[in-house]
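Here are some notes for a first look at this model. Please read them with the structure open.

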Amino acid sequence: MQNFQTLFRAFVRSFSHNFNPVTLRPQSVITLNKSFLHSSKIFCRRLETRHIGIDYISTEKFLSLLGRRYHYCTNAYEQNALSKNVPVIDWKTLSFYSFHEIPDSYLPKTRELLLSKFGEMGIVGRIYVATEGINAQLSCPLEQLDNLRKFCNQELKLENVEFNFSTTHVKAFRKLNVKIRNQIVSDGLEKGSYDLSNQPKHLSPAEWHAALSNAKTSIILIDMRNHYESEIGYFENSIRQDVDTFRDSIISMNNILEGKQSEDIYMYCTGGIRCSKAGAILLSNGFKSVYVLKGGVTAYGRYITLNPSITSLYKGRNFTFDKRLGEPITNDIVSQCHTCGEPCDTHTNCRNKTCNLLFIQCQECKKRLSRTCGSEFCLRLVQAWDEKFGRPSGFDDVKPNYQCVYDHVHRTRPKLVIERLGGTSANVPSDLVEMLLEKNSNIKR
């Protein structure tokens with residue numbers, strides 16, 4: 001019989017794409033042993049979801065709760081904590097940003113302050129600081145949430161900053177990273193070409209929903225996210241830009257809106273920051289009426305969750321730049337598996353980190369291709385790895401200590417890379433494959 005940690009990881013992973021959270025307390029954890037199995041009549045059941053098909057061992061109590069929504073823990077140390085009867089950490093996944101001037105000389109001090117204080121609070125995430133402000137995506141222990149708010153108010157002087165909470169809450173980041181950047185959102189424009197204080201009209205999710213629902217004529221609605229984000233979810237009738245970066249989206253936006261300075265423009269993104277900047281760029285260049293979704297798709301997802309009687313105008317999932325790679329907004333599946341073409345909206349990265357391709361893959365293809373993109377290069381590499389180390393049940397990443405063979409554009413465009421989809425860039429030189437295989441033979445896991 002599989003050990004508990006493997007079963008628990010499989011159990012919570014199945015819910016990660018389909019359910020919102022309540023807390024799984026330590027007392028809900030089951031110690032799996034023969035006597036308990038016998039006395040409690042635990043049995044195996046095939047659990048089929050739209051993403052996951054896998055055998056689970058559960059109790060009648062767990063099965064009676066399958067219609068509810070779970071908070072799930074996916075980190076090894078949390079699983080170890082369960083086995084040691086240590087309370088599990090409840091996490092809140094959130095983001096916040098602020099455009100305000102930070103002196104260049106103060107950026108290193110800001111970075112050290114964030115690393116120190118957030119480290120003390122056990123916060124993990126990704127934070128960018130620049131002379132134009134701060135942009136943070138975090139997972140914060142629930143018990144530290146008040147301290148985080150106090151720190152933002154008193155030490156960062158961000159009294160009015162809003163915490164944008166996700167619709168699913170996990171430890172979405174492995175560690176805390178604070179980086180100093182030229183910009184918190186890179187736009188590729190010359191400094192001084194727009195005024196960030198020239199902010200667009202930020203509509204609450206309710207106001208946004210009403211504006212789109214009551215529009216008597218077609219409106220200009222632009223998705224300011226990258227192509228792989230909008231592939232798995234979008235607002236109906238939106239213009240989804242075929243872009244790879246925010247810089248590209250600004251160029252595309254200007255082309256789309258050429259000569260339309262007098263028209264009403266609506267824009268949305270994941271959490272609001274990209275639209276705040278894009279709106280400022282438009283208003284600084286002659287546009288009169290620019291409306292953006294406050295808090296982005298994330299905030300709209302909370303609005304829909306809290307108002308189940310309302311029909312969502314957004315269909316599908318909301319892509320996230322963390323280990324979740326997305327959170328559900330509706331049950332609509334608007335994308336397909338890049339391997340077989342079946343309906344699927346689950347992003348993954350190729351198990352071979354030398355490839356690291358970001359693509360959509362269904363559960364059946366994941367099993368068949370060992371969670372790789374399916375190229376001969378990647379399959380040979382992971383098969384050699386598994387022959388040496390044994391294939392783990394969780395399909396652990398294979399890290400041959402070699403730089404990624406693809407640039408950013410190709411790494412996020414599987415149709416340019418996967419040969420069966422028409423791509424030609426997957427023809428990795430055979431000598432590179434042999435070199436990596438030889439390198440793996442000397443690697444200690």
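1. The second largest pocket is lined by 13 residues, and T131, E132, Q183, K191 and L196 lie nearest its centre. A pocket is an open set of points on a 1 Å grid over the protein atoms alone, where a 1.4 Å probe fits, with protein on both sides within 12 Å along at least five of seven lines; lining residues have an atom within 4 Å of a point. The lining has 3 nonpolar, 5 polar and 5 charged residues. Its space is about 350 Å³.

2. This is a predicted model: local features need pLDDT of at least 70, side-chain atom pairs count only at pLDDT 80 or more, and totals for chains, interfaces and linings use all residues. Residues are numbered from 1 along each chain as its sequence is written, and side-chain values use heavy atoms, with hydrogens and water left out.

3. Most residues other than glycine have a negative phi. N356 has a positive phi, near 60°. N356 sits in the loop between β16 (347-349) and β17 (358-360); strands are DSSP runs of E, at least two residues.

4. S370 is not a glycine, yet its phi is positive, about 55°. It lies in the loop between α12 (363-368) and α13 (376-389). S370 is buried, at 10% relative accessibility.

5. α13 has 14 residues and spans 20 Å from first C-alpha to last, close to the 20 Å expected at 1.5 Å a residue. Its buried residues include F377, L381 and W385. G390 follows α13, with a positive phi near 85°.

Notes. Points joined across faces, edges and corners; volume = space filled by probe spheres on them. Nonpolar A, V, L, I, M, F, W, Y, C, P; charged D, E, K, R; others polar. Helix = DSSP H or I, 4+ residues; strand = E, 2+ residues; numbered from the N terminus. Buried < 20%, exposed > 50% of the residue type's maximum accessible area, 1.4 Å probe, protein only. Expected span 1.5 Å × (residues − 1).
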